[in-house]
Amino acid sequence: MTEIDVKMASITVSNAPDILIARGVGSCMIVMAYDKGQKIGGMLHAMLPTKGPTDNNSAKYVDSGFDLLVSELKKKGVTNVKKLEIRIAGAANMFPGVTLNERVQIGARNIDSIRAKLTEVGLPLSGEDVGGTTGRSISFFLNEGRVSVTKSI
Amino acid sequence: MDLNATELDVLKELASIGANAAGTALSNLTNQTVSNISPKVELCEVENVKNEIKNPEEKVAAICVGVFEKNSSVLITFKKKYALLLVDMLMDKKLGTTEEFDDMSKSAFNEMGNIVVCAYVSAVANFLNTKIGVDMPLSTIDMVGSVVDAAIVQIAVESNKVLITDANFSINNEIIGAKIYFLFEPSTVRGLLDKASKL
(Lines give C-alpha, C1' and ligand atoms only; values in the text may rest on other atoms or scores of the structure.)
Protein backbone atom coordinates (compact mmCIF):
# COMPACT_ATOMS: atom_id res chain seq x y z
CA MET A 1 0.00 0.00 0.00
CA THR A 2 1.36 3.38 -0.96
CA GLU A 3 0.03 6.80 -0.08
CA ILE A 4 0.34 9.01 -3.14
CA ASP A 5 0.05 12.80 -2.90
CA VAL A 6 -1.82 14.18 -5.88
CA LYS A 7 -0.38 17.62 -6.54
CA MET A 8 -2.22 20.65 -7.81
CA ALA A 9 -2.86 20.65 -11.58
CA SER A 10 -2.09 16.96 -11.91
CA ILE A 11 -3.70 13.54 -12.28
CA THR A 12 -2.70 10.28 -10.63
CA VAL A 13 -4.09 6.89 -11.62
CA SER A 14 -3.33 3.76 -9.63
CA ASN A 15 -4.84 0.54 -8.32
CA ALA A 16 -5.63 -1.18 -5.01
CA PRO A 17 -4.41 -1.01 -2.30
CA ASP A 18 -2.95 2.46 -2.92
CA ILE A 19 -4.41 5.60 -1.35
CA LEU A 20 -4.57 8.81 -3.39
CA ILE A 21 -4.44 11.92 -1.23
CA ALA A 22 -5.00 15.64 -1.84
CA ARG A 23 -3.99 17.61 1.25
CA GLY A 24 -5.13 21.13 2.09
CA VAL A 25 -7.59 21.68 -0.73
CA GLY A 26 -9.31 25.07 -0.93
CA SER A 27 -11.24 26.11 -4.02
CA CYS A 28 -9.60 23.44 -6.17
CA MET A 29 -11.83 20.62 -7.46
CA ILE A 30 -10.91 17.03 -6.67
CA VAL A 31 -12.53 14.55 -9.04
CA MET A 32 -12.24 10.82 -8.30
CA ALA A 33 -13.19 8.02 -10.68
CA TYR A 34 -13.27 4.37 -9.65
CA ASP A 35 -13.62 1.08 -11.50
CA LYS A 36 -15.04 -1.17 -8.80
CA GLY A 37 -14.49 -4.43 -10.71
CA GLN A 38 -10.81 -3.91 -11.34
CA LYS A 39 -10.13 -1.69 -8.29
CA ILE A 40 -8.50 0.95 -10.46
CA GLY A 41 -9.00 4.59 -9.56
CA GLY A 42 -7.79 8.04 -10.51
CA MET A 43 -7.75 11.47 -8.91
CA LEU A 44 -7.76 14.83 -10.67
CA HIS A 45 -6.64 17.92 -8.73
CA ALA A 46 -7.89 20.76 -10.93
CA MET A 47 -7.60 24.48 -10.22
CA LEU A 48 -9.91 26.22 -12.68
CA PRO A 49 -13.28 25.47 -14.30
CA THR A 50 -12.62 25.60 -18.03
CA LYS A 51 -9.65 25.33 -20.32
CA GLY A 52 -9.00 28.17 -22.74
CA PRO A 53 -7.64 27.75 -26.28
CA THR A 54 -4.08 28.77 -25.37
CA ASP A 55 -3.75 26.75 -22.16
CA ASN A 56 -1.57 23.69 -22.28
CA ASN A 57 -1.79 21.79 -18.98
CA SER A 58 -5.11 19.90 -19.24
CA ALA A 59 -4.95 18.73 -15.61
CA LYS A 60 -5.15 22.35 -14.44
CA TYR A 61 -8.79 22.60 -15.60
CA VAL A 62 -11.89 20.69 -14.52
CA ASP A 63 -13.32 20.09 -18.00
CA SER A 64 -10.17 19.07 -19.86
CA GLY A 65 -8.83 17.39 -16.73
CA PHE A 66 -11.82 15.07 -16.56
CA ASP A 67 -11.28 13.94 -20.16
CA LEU A 68 -7.61 13.34 -19.39
CA LEU A 69 -8.51 11.41 -16.22
CA VAL A 70 -10.77 9.10 -18.23
CA SER A 71 -8.13 8.52 -20.89
CA GLU A 72 -5.48 7.79 -18.24
CA LEU A 73 -7.83 5.25 -16.65
CA LYS A 74 -8.34 3.59 -20.04
CA LYS A 75 -4.56 3.33 -20.41
CA LYS A 76 -4.42 1.69 -16.99
CA GLY A 77 -6.91 -0.95 -18.14
CA VAL A 78 -10.40 0.43 -17.56
CA THR A 79 -12.60 -0.81 -20.41
CA ASN A 80 -16.14 0.22 -19.48
CA VAL A 81 -16.10 3.97 -18.80
CA LYS A 82 -19.87 4.02 -18.20
CA LYS A 83 -19.37 1.93 -15.07
CA LEU A 84 -16.99 4.44 -13.44
CA GLU A 85 -18.08 5.70 -10.04
CA ILE A 86 -17.48 9.44 -9.84
CA ARG A 87 -17.04 11.33 -6.59
CA ILE A 88 -16.13 14.99 -6.13
CA ALA A 89 -14.82 17.03 -3.21
CA GLY A 90 -13.37 20.47 -2.56
CA ALA A 91 -14.32 23.72 -4.30
CA ALA A 92 -14.76 25.76 -1.11
CA ASN A 93 -15.01 29.52 -0.88
CA MET A 94 -12.11 30.13 1.51
CA PHE A 95 -12.55 33.88 1.71
CA PRO A 96 -16.29 34.38 2.06
CA GLY A 97 -17.56 37.92 2.19
CA VAL A 98 -16.84 39.11 -1.29
CA THR A 99 -19.46 38.10 -3.78
CA LEU A 100 -19.13 40.88 -6.31
CA ASN A 101 -16.04 39.52 -7.95
CA GLU A 102 -16.66 36.34 -9.90
CA ARG A 103 -12.99 35.51 -9.74
CA VAL A 104 -13.16 34.73 -6.03
CA GLN A 105 -16.02 32.35 -6.67
CA ILE A 106 -13.87 29.90 -8.55
CA GLY A 107 -15.03 27.15 -6.20
CA ALA A 108 -18.67 27.54 -7.26
CA ARG A 109 -17.67 27.72 -10.91
CA ASN A 110 -15.59 24.56 -10.54
CA ILE A 111 -18.69 22.76 -9.21
CA ASP A 112 -20.77 23.99 -12.17
CA SER A 113 -18.05 22.87 -14.55
CA ILE A 114 -17.85 19.27 -13.29
CA ARG A 115 -21.64 18.92 -13.19
CA ALA A 116 -21.88 20.12 -16.80
CA LYS A 117 -19.10 17.74 -17.81
CA LEU A 118 -20.77 14.74 -16.15
CA THR A 119 -24.10 15.56 -17.78
CA GLU A 120 -22.30 15.79 -21.12
CA VAL A 121 -20.69 12.36 -20.78
CA GLY A 122 -23.74 10.82 -19.10
CA LEU A 123 -22.13 9.70 -15.84
CA PRO A 124 -23.96 10.07 -12.50
CA LEU A 125 -22.31 11.34 -9.31
CA SER A 126 -21.87 8.67 -6.65
CA GLY A 127 -20.95 11.11 -3.92
CA GLU A 128 -19.90 14.66 -3.22
CA ASP A 129 -18.66 16.98 -0.51
CA VAL A 130 -18.25 20.36 -2.14
CA GLY A 131 -18.58 24.06 -1.36
CA GLY A 132 -18.65 25.58 2.12
CA THR A 133 -15.96 27.80 3.55
CA THR A 134 -13.41 25.41 4.99
CA GLY A 135 -10.43 23.59 3.56
CA ARG A 136 -10.39 19.82 3.11
CA SER A 137 -7.97 16.93 2.97
CA ILE A 138 -9.24 14.14 0.77
CA SER A 139 -8.18 10.48 0.79
CA PHE A 140 -9.31 8.03 -1.87
CA PHE A 141 -8.89 4.38 -0.87
CA LEU A 142 -8.48 2.28 -3.99
CA ASN A 143 -9.07 -1.08 -2.30
CA GLU A 144 -12.76 -0.26 -1.84
CA GLY A 145 -13.36 3.04 -3.63
CA ARG A 146 -14.13 4.81 -0.37
CA VAL A 147 -13.43 8.53 0.01
CA SER A 148 -12.68 10.19 3.32
CA VAL A 149 -12.76 13.96 3.78
CA THR A 150 -11.31 15.74 6.80
CA LYS A 151 -11.83 19.40 7.56
CA SER A 152 -9.88 21.56 9.94
CA ILE A 153 -12.92 23.13 11.56
CA MET B 1 4.90 36.49 -18.65
CA ASP B 2 8.65 36.53 -18.90
CA LEU B 3 10.77 38.82 -16.80
CA ASN B 4 14.41 39.64 -17.38
CA ALA B 5 16.95 39.63 -14.54
CA THR B 6 16.68 43.38 -13.93
CA GLU B 7 12.89 43.29 -13.82
CA LEU B 8 13.02 40.41 -11.38
CA ASP B 9 15.43 42.39 -9.17
CA VAL B 10 13.07 45.36 -9.22
CA LEU B 11 10.16 43.17 -8.16
CA LYS B 12 12.21 41.57 -5.39
CA GLU B 13 13.22 45.02 -4.17
CA LEU B 14 9.58 46.14 -4.14
CA ALA B 15 8.61 43.03 -2.16
CA SER B 16 11.40 43.73 0.37
CA ILE B 17 10.27 47.33 0.75
CA GLY B 18 6.74 46.07 1.36
CA ALA B 19 7.87 43.45 3.87
CA ASN B 20 9.92 46.00 5.82
CA ALA B 21 6.94 48.33 5.97
CA ALA B 22 4.84 45.43 7.23
CA GLY B 23 7.42 44.98 10.02
CA THR B 24 7.22 48.67 10.92
CA ALA B 25 3.43 48.39 11.09
CA LEU B 26 3.76 45.41 13.44
CA SER B 27 6.15 47.44 15.57
CA ASN B 28 3.68 50.32 15.84
CA LEU B 29 0.81 47.97 16.63
CA THR B 30 2.58 45.96 19.31
CA ASN B 31 4.63 48.84 20.67
CA GLN B 32 7.72 46.66 20.38
CA THR B 33 10.93 46.89 18.44
CA VAL B 34 10.54 44.78 15.34
CA SER B 35 13.37 43.82 13.06
CA ASN B 36 12.82 42.07 9.79
CA ILE B 37 15.53 39.46 9.44
CA SER B 38 16.67 39.50 5.82
CA PRO B 39 13.48 38.68 3.94
CA LYS B 40 13.92 36.11 1.19
CA VAL B 41 12.04 36.84 -2.02
CA GLU B 42 11.47 34.39 -4.84
CA LEU B 43 9.36 34.19 -7.97
CA CYS B 44 7.45 30.94 -8.22
CA GLU B 45 5.33 29.28 -10.92
CA VAL B 46 1.64 29.28 -9.98
CA GLU B 47 1.36 25.50 -10.22
CA ASN B 48 4.36 24.97 -7.94
CA VAL B 49 3.43 27.38 -5.16
CA LYS B 50 1.22 24.92 -3.34
CA ASN B 51 3.28 21.89 -4.20
CA GLU B 52 6.29 23.43 -2.47
CA ILE B 53 4.49 23.79 0.85
CA LYS B 54 5.96 21.10 3.09
CA ASN B 55 2.89 20.50 5.25
CA PRO B 56 -0.25 21.73 3.45
CA GLU B 57 -2.39 20.72 6.44
CA GLU B 58 -0.66 23.05 8.89
CA LYS B 59 -3.03 25.62 10.36
CA VAL B 60 -2.40 29.25 9.47
CA ALA B 61 -4.11 32.56 9.99
CA ALA B 62 -4.29 34.43 6.72
CA ILE B 63 -5.28 37.81 5.36
CA CYS B 64 -6.05 38.31 1.70
CA VAL B 65 -6.66 41.68 0.13
CA GLY B 66 -7.43 42.56 -3.46
CA VAL B 67 -5.37 45.37 -4.96
CA PHE B 68 -5.50 47.25 -8.27
CA GLU B 69 -9.19 47.07 -9.02
CA LYS B 70 -9.15 43.44 -7.87
CA ASN B 71 -6.78 42.38 -10.62
CA SER B 72 -4.19 41.23 -8.12
CA SER B 73 -3.99 40.39 -4.47
CA VAL B 74 -1.67 40.22 -1.51
CA LEU B 75 -1.93 37.27 0.87
CA ILE B 76 -0.11 37.10 4.20
CA THR B 77 -0.03 33.88 6.17
CA PHE B 78 1.20 33.42 9.75
CA LYS B 79 1.51 30.01 11.34
CA LYS B 80 -1.33 29.78 13.83
CA LYS B 81 0.98 29.80 16.88
CA TYR B 82 2.59 33.03 15.65
CA ALA B 83 -0.78 34.62 14.90
CA LEU B 84 -1.86 33.83 18.48
CA LEU B 85 1.34 35.42 19.83
CA LEU B 86 0.63 38.54 17.77
CA VAL B 87 -2.89 38.68 19.17
CA ASP B 88 -1.46 38.53 22.71
CA MET B 89 1.00 41.32 21.89
CA LEU B 90 -1.72 43.40 20.30
CA MET B 91 -4.10 42.96 23.22
CA ASP B 92 -1.34 43.49 25.76
CA LYS B 93 -1.67 40.03 27.25
CA LYS B 94 1.07 37.76 28.57
CA LEU B 95 2.47 35.79 25.63
CA GLY B 96 0.81 32.40 25.38
CA THR B 97 -2.46 33.53 26.98
CA THR B 98 -4.57 33.11 23.84
CA GLU B 99 -4.57 29.43 22.99
CA GLU B 100 -7.40 29.31 20.47
CA PHE B 101 -9.09 31.84 18.23
CA ASP B 102 -12.40 33.22 19.44
CA ASP B 103 -14.43 36.10 18.02
CA MET B 104 -12.38 38.73 19.80
CA SER B 105 -8.99 37.34 18.81
CA LYS B 106 -10.16 36.71 15.24
CA SER B 107 -11.29 40.31 15.02
CA ALA B 108 -7.98 41.51 16.48
CA PHE B 109 -6.04 39.40 13.99
CA ASN B 110 -8.19 40.62 11.10
CA GLU B 111 -7.56 44.23 12.07
CA MET B 112 -3.84 43.67 12.52
CA GLY B 113 -3.62 41.80 9.21
CA ASN B 114 -5.46 44.59 7.48
CA ILE B 115 -3.01 47.19 8.76
CA VAL B 116 0.03 45.06 7.95
CA VAL B 117 -1.15 44.28 4.40
CA CYS B 118 -2.01 47.93 3.77
CA ALA B 119 1.42 48.96 5.06
CA TYR B 120 2.98 46.55 2.54
CA VAL B 121 0.90 47.90 -0.33
CA SER B 122 1.27 51.58 0.51
CA ALA B 123 5.05 51.28 0.92
CA VAL B 124 5.24 49.88 -2.62
CA ALA B 125 2.91 52.64 -3.87
CA ASN B 126 4.90 55.37 -2.11
CA PHE B 127 8.18 54.09 -3.48
CA LEU B 128 6.76 54.16 -6.99
CA ASN B 129 5.13 57.51 -6.38
CA THR B 130 1.73 56.14 -7.35
CA LYS B 131 -1.56 55.12 -5.81
CA ILE B 132 -2.67 51.53 -5.32
CA GLY B 133 -6.29 50.86 -4.45
CA VAL B 134 -6.95 48.28 -1.74
CA ASP B 135 -10.10 46.22 -1.39
CA MET B 136 -11.75 44.98 1.81
CA PRO B 137 -9.44 42.51 3.58
CA LEU B 138 -10.64 38.97 4.16
CA SER B 139 -9.23 36.70 6.82
CA THR B 140 -9.48 33.02 7.58
CA ILE B 141 -7.90 30.41 9.82
CA ASP B 142 -7.49 27.11 8.03
CA MET B 143 -5.04 24.72 6.40
CA VAL B 144 -2.24 26.56 4.60
CA GLY B 145 -2.73 24.52 1.43
CA SER B 146 -6.40 25.47 1.16
CA VAL B 147 -5.76 29.13 1.86
CA VAL B 148 -2.97 29.39 -0.68
CA ASP B 149 -4.82 27.45 -3.37
CA ALA B 150 -7.91 29.63 -2.99
CA ALA B 151 -5.78 32.76 -3.31
CA ILE B 152 -3.76 31.62 -6.30
CA VAL B 153 -6.68 30.36 -8.37
CA GLN B 154 -7.97 33.93 -8.37
CA ILE B 155 -5.09 34.98 -10.57
CA ALA B 156 -4.24 31.66 -12.23
CA VAL B 157 -6.51 32.41 -15.18
CA GLU B 158 -4.19 35.07 -16.50
CA SER B 159 -0.96 34.80 -14.60
CA ASN B 160 1.62 32.09 -14.12
CA LYS B 161 3.90 33.64 -11.52
CA VAL B 162 3.69 34.49 -7.82
CA LEU B 163 6.18 36.59 -5.86
CA ILE B 164 6.73 35.05 -2.43
CA THR B 165 8.45 36.80 0.46
CA ASP B 166 9.61 34.73 3.37
CA ALA B 167 9.74 37.23 6.23
CA ASN B 168 10.89 36.65 9.79
CA PHE B 169 10.01 39.41 12.20
CA SER B 170 11.92 39.51 15.43
CA ILE B 171 9.60 40.90 18.11
CA ASN B 172 10.33 40.86 21.81
CA ASN B 173 12.71 37.88 21.52
CA GLU B 174 10.17 35.93 19.47
CA ILE B 175 10.75 35.20 15.81
CA ILE B 176 7.43 35.53 14.01
CA GLY B 177 7.55 33.94 10.58
CA ALA B 178 5.24 35.12 7.83
CA LYS B 179 4.85 34.41 4.16
CA ILE B 180 3.72 37.21 1.91
CA TYR B 181 2.35 36.20 -1.48
CA PHE B 182 2.05 38.90 -4.09
CA LEU B 183 -0.32 37.50 -6.67
CA PHE B 184 -0.40 39.68 -9.73
CA GLU B 185 -1.65 39.85 -13.25
CA PRO B 186 0.87 40.46 -16.02
CA SER B 187 -0.63 43.90 -16.78
CA THR B 188 -0.33 44.93 -13.13
CA VAL B 189 3.29 43.92 -12.84
CA ARG B 190 4.10 45.56 -16.18
CA GLY B 191 2.60 48.79 -14.82
CA LEU B 192 4.71 48.54 -11.68
CA LEU B 193 7.89 47.92 -13.68
CA ASP B 194 7.13 50.86 -15.98
CA LYS B 195 6.75 53.14 -12.98
CA ALA B 196 9.95 51.79 -11.43
CA SER B 197 11.92 52.40 -14.65
CA LYS B 198 10.95 56.08 -14.54
CA LEU B 199 12.28 56.66 -11.03
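Helices (H or I, at least four residues) and strands (E, at least two) are DSSP runs, numbered from the N terminus. The model is predicted, so local features need pLDDT of at least 70 and side-chain atom pairs pLDDT 80 or more, while totals for chains, interfaces and linings use all residues. Residues are numbered from 1 along each chain as written, chains are lettered from A, and side-chain values use heavy atoms, without hydrogens or water.

Select chain B. Its elements run α-β-α-β-β-α-α-β-α-β-β-α along the sequence, which comes to six helices and six strands. Along the principal axes, the C-alpha trace spans about 45 × 35 × 30 Å. The radius of gyration of chain B (over C-alpha atoms) is 16 Å, in agreement with the value near 16 Å for a compact globule of 199 residues. Of these 199 residues, 55% count as buried (under 20% relative accessible area, 1.4 Å probe, protein chains only).

Stay in chain B and pick helix α3, residues 80-90, where Lys81(B) lies. Lys81(B) has 53% relative accessibility and therefore counts as exposed (over 50%).

Move to chain A. Two helices and nine strands make up its secondary structure, in the order β-β-β-β-β-α-β-α-β-β-β. The C-alpha atoms of chain A fill a box of roughly 45 × 35 × 25 Å along the principal axes. Of its 153 residues, 54% count as buried.

Notes: The radius of gyration is taken over C-alpha atoms; the globule rule is 2.2 Å times the number of residues to the power 0.38.
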